[in-house]
Amino acid sequence: MELLELMKYRRSIRKYTDRQVSKEDLQKIIEAGVYAPNAGGGQRSIIVAVHNKELAKQIGVMNLARLDRSMLIGGYVSKEQPSVIDDKNIKNGFYGAPTVCIILTPKNFLYAVPDAFCCAENMVLQATELGIASCITARAEETFDNEMGRELLSKWNIPDNFIARAFVLLGYCEGEYPKEKPRREGRIVIIDEDEGE
C-alpha cells in the first residue's frame, strides 16, 4: 500500500480483542517511533512499551480517572468505535488495548509535545502497515501525576525531568474495521505564488 493510501486507511480503534501484539511487531513499531521527525534532531523522546494486558488496563483506569470533561469540544466521536466522550460507562482510557506505548519528553522543552506526537504518528502508521489496530490518546501528563504514576516512572528509570505526553494503543480490532469518514470541507487553503503579494 502506498503511504497516502495507508494514511487514508488508518483508523483510531477503541475496541480491542484480547489478542496480544507480537514482540517482533512491537519492536518495529517502536523503531518507527524513534525515527520520527524531532526538533533539531535531538532525539529526546523516550518510549516505554507496556506489553502486559493487566498493567495496560491499570494505567488505562488511571488515565480516565483524571479526565476533565469540561475541556472537551463536541459531544460525539463514533458509534462504531465509541470514545470516553460518547460513553461515560467506559472505565479504561485505553479501551482494553493489550499493549500501550507511553511517549515521554523533557518537561521544559519548547518542542516536547510536537516531538511526542510526531513519534506517535509514525508508530500508528507502522502499526497499520503491520495489520495492527491503534489509537493515539492524550491525558498522559495527568495519568502519572499521582503516587502510583510516579512510582511506575521511577521503577522504569525515567529521569525526573521527563513527563509523559502521549499514548499509542496497540492491538487487534474487535468487530468490523471502521469505514472512512468523509473529510470536512473548508480545511485547505493554498496561496499560490502570484497571490501572495
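**A walk through our predicted model**

Hi everyone, let's start with Q126, which lies in helix 4, residues 112-129. Helices here are DSSP runs of H or I with at least four residues, strands are DSSP runs of E with at least two, and both are numbered from the N terminus. Before going on, a word on what we are looking at: this is a predicted model, in which local features need pLDDT of at least 70 and side-chain atom pairs count only at pLDDT 80 or more, while totals for chains, interfaces and linings use all residues. Residues are numbered from 1 along each chain as its sequence is written, and side-chain values use heavy atoms, with hydrogens and water left out.

Back to our residue. Is Q126 buried or exposed? Q126 has a relative accessible area of 19%, so it counts as buried. The cut-offs are under 20% for buried, over 50% for exposed, and partly exposed in between, with a 1.4 Å probe and protein chains only.

Now the strands. Strand 2 covers residues 99-106, and eight of its eight residues are buried. Which strands pair with strand 2? Strand 1, residues 46-50, runs antiparallel to strand 2 and is joined to it by five bridges. There, V48 stands opposite I102. Strand 4 also pairs with strand 2 in the antiparallel sense, over eight bridges, and here P106 stands opposite F162. For two strands to pair, DSSP has to find at least two bridges between them.

Next, salt bridges. The term means a side-chain nitrogen of Lys or Arg within 4 Å of a carboxyl oxygen of Asp or Glu. How many are there by this rule? The count comes to five salt bridges, and I'll show you some.

In helix 1, residues 3-9, E5 and K8 sit three residues apart, about one turn of the helix. Their side chains meet in a salt bridge at 4.0 Å, N to O. E5 is partly exposed because its relative accessibility is 41%, and K8 is partly exposed too, at 42%.

Another salt bridge joins the side chains of E141 and R165, at 3.5 Å, N to O. This pair links distant parts of the chain, with E141 in helix 5 (residues 140-143) and R165 in strand 4, 24 residues apart. E141 has 28% relative accessibility, so it is partly exposed, whereas R165 is buried at 11%.

A further one is D145 with R150, at 3.3 Å, N to O. D145 is partly exposed at 45%, and R150 is partly exposed at 47%.

Last stop: the surface. Which residues gather in a patch of positive charge? They are K181, R183, R184 and R187. R183 sits in the segment after strand 4, which is residues 162-171, and R183 counts as exposed because its relative accessibility is 57%.

There is a nonpolar patch as well, about 290 Å², made by L3, L4 and M7. M7 lies in helix 1 and is partly exposed, with a relative accessible area of 38%.

How are patches built? Their residues have over 30% relative accessible area and no salt bridge; like charges are joined within 9 Å, and nonpolar side chains (Val, Leu, Ile, Met, Phe, Trp, Tyr) within 5 Å. Accessible areas come from the Shrake-Rupley method with a 1.4 Å probe, and for residues only the protein chains shown count as cover. Lys and Arg count as positive and Asp and Glu as negative, without His and the chain ends, and each charge is placed at NZ of Lys, CZ of Arg, CG of Asp or CD of Glu.
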